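Have the sequence and the 3D view open, and let us walk through this model together.

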Amino acid sequence: MPSHSSRTTIFNPLECRPDSYKGWYQQGNTLWQQGKYNDALLSYERALEYYPGDYWAWYKRGITLEHLGRYGDAAESYGNACQIQPENYWAWYDQGCVYLNEIDDFTRAIPCFQRALAHLPKDYWATYRLGESYRLSGQYEAAIANFRQTLTIRQDDFWSWYRLADCFRRWGHYAEALQCYKKSVEIRPNDYWAWFRQGELWQKLYRYGKAIACYHRALDVEVDDDYSWYEIALCQVLQKNYEDAVYALGKVLQWYPASYLSLIEGESAFVDLHPLPSYQALLQGTRQTVAEPTFG
């Protein structure tokens, strides 16, 4: 028997019913999976011409518009889906994510996540992102309540502890913020920002030794971090550890001489360093480095 090569026939519903909602919708799904988002968008829109009250076509149109970077149109498309099925979690949640992450319209994100949570009250992500929306809109008390709620769902969630600390810090509750940052580094010991923020808070509280220790922990993570070395220099000079301050400034100027030279020279906290030969030598050497021409 002669062998025959097998052929796979792909059924195109539009060949059968060119004016079919179902055909346009299914073609949209196929094109979306292939990454052909512009063509998928056209298919969903044709489907909606035949069935404008369909939740899924509006929802999939929103997802497609997100992939195309048309975030305002995506939010509007999700909004239409929400009107058709107001009890459906996903359109509310995705609309909230667009407002939060892409458009930076935090006040419009808030009711979206609230509506999503009305249908899934214990959902971690909607609760967390509602907290983020409150935090970024400056509503720290409401944000704190939400992050505490996420911690009842995921007790050891780094980001909930970290954002809870951020809210307390912004709100001026430094002791509570320090406790939350401490908890976050217990979960993720090598997180740079959690250590750096603790250093900032101890510095605000005039606990310079503790601040320096935290900045050094941040430097364990990012050894060439200019922010931490600069703050260490400030803390050291305020403790009258002048040579240690000069050493820290040397680290900063080693990596970013042009960016920091004028800042250091204009910083009133460093006035006590002026009589030190090591400080003057550091500045003079940096001035020469900055003045040297660079060749491409």
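Contact here means heavy atoms within 4.5 Å. With that in hand, look at Phe 270, which touches Tyr 230, Ala 233, Leu 234, Val 237, Leu 249, Ile 264 and Tyr 279, leaving out residues up to four places away in sequence. A word on what you are viewing: this is a predicted model, in which local features need pLDDT of at least 70, side-chain atom pairs count only at pLDDT 80 or more, and totals for chains, interfaces and linings use all residues. Residues are numbered from 1 along each chain as its sequence is written, and side-chain values use heavy atoms, with hydrogens and water left out.

Phe 270 also belongs to the largest nonpolar core, which has 92 residues. Such a core is a set of buried Ala, Val, Leu, Ile, Met, Phe, Trp, Tyr and Cys residues joined through side-chain atoms within 4.5 Å; buried means under 20% relative accessible area, exposed over 50%, and partly exposed in between, with a 1.4 Å probe and protein chains only. Among the residues with the most contacts inside this core are Leu 164, Leu 273 and Phe 270. Helix H6 (residues 89-103) gives the most to the core, with eight residues. Helices are DSSP runs of H or I with at least four residues, numbered from the N terminus.

Next, the aromatic rings. Rings of Phe, Tyr and Trp (its six-membered ring) pair if their centres lie within 6.5 Å; planes under 30 degrees apart count as stacked, over 60 as edge-to-face and the rest as tilted. The whole structure holds 28 aromatic pairs. How are the rings of Phe 158 and Tyr 162 arranged? Their centres are 5.7 Å apart and their planes at 20°, so the pair is stacked. Both residues lie in helix H10 (residues 158-171), four residues apart, about one turn of the helix, and both are buried. The rings of Trp 193 and Phe 196, by contrast, have planes at 80° and centres 5.5 Å apart, so this pair is edge-to-face. Trp 193 is partly exposed, at 38% relative accessible area, whereas Phe 196 counts as buried at 6%.

How values were computed: Helix = DSSP H or I, 4+ residues; strand = E, 2+ residues; numbered from the N terminus.
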